[in-house]
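Here's a quick tour of a protein model, from its surface down to its core. Have a look at the fold, then read on.

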Amino acid sequence: PSVRKSLVNLLRSEGFAAVGFESGEALLQSNMVDTAHCILLDMFMPGLRGIDVQLELSKNLKPPAIVCMSAYWNDAILERAKNQGSIDCLSKPFSSDTLLRSISLIG
């Protein structure tokens, strides 16, 4: 929760309309899925894994850009995240500059 709050605060301070969700299920059940331009997605969170959330998001007609993050990358998850369209995969901990650079990749 504290990391989620810090990331939301950082993104809001940079002018983004950031919203945090406590789980992948909460995100998928929200109306934000259809309006989000970018989703920062943790690959290993309680409940539905990030890779499964990413798969659900990819089913949308206009899926949002996804920046994945994890402290526990392995080759299989990293490859799958990239194959499912992640614009970047960040290793935790990462700097605010690294996150903002990743978000700037969105066209």
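## From surface to core

The protein exposes about 6600 Å², and carbon and sulfur atoms supply 53% of that (accessible areas by the Shrake-Rupley method with a 1.4 Å probe). Keep in mind that this is a predicted model: local features need pLDDT of at least 70, side-chain atom pairs count only at pLDDT 80 or more, and totals for chains, interfaces and linings use all residues. Residues are numbered from 1 along each chain as its sequence is written, and side-chain values use heavy atoms, with hydrogens and water left out.

As for the fold, there are five helices and three strands, running α-α-β-α-β-α-β-α along the sequence. These are DSSP runs, numbered from the N terminus: helices are H or I with at least four residues, strands are E with at least two.

Buried residues (under 20% relative accessible area) make up 35% of the 107 residues. The largest nonpolar core has 14 residues, including Leu27, Leu41 and Met43; such a core is a set of buried Ala, Val, Leu, Ile, Met, Phe, Trp, Tyr and Cys residues joined through side-chain atoms within 4.5 Å.

The largest share, three residues, comes from α3. Apart from this core lies another, of ten residues, with Leu7, Val8, Leu11 and Met69 among them.

Conventions:
Buried means under 20% relative accessible area, exposed over 50%, partly exposed in between (1.4 Å probe, protein chains only).
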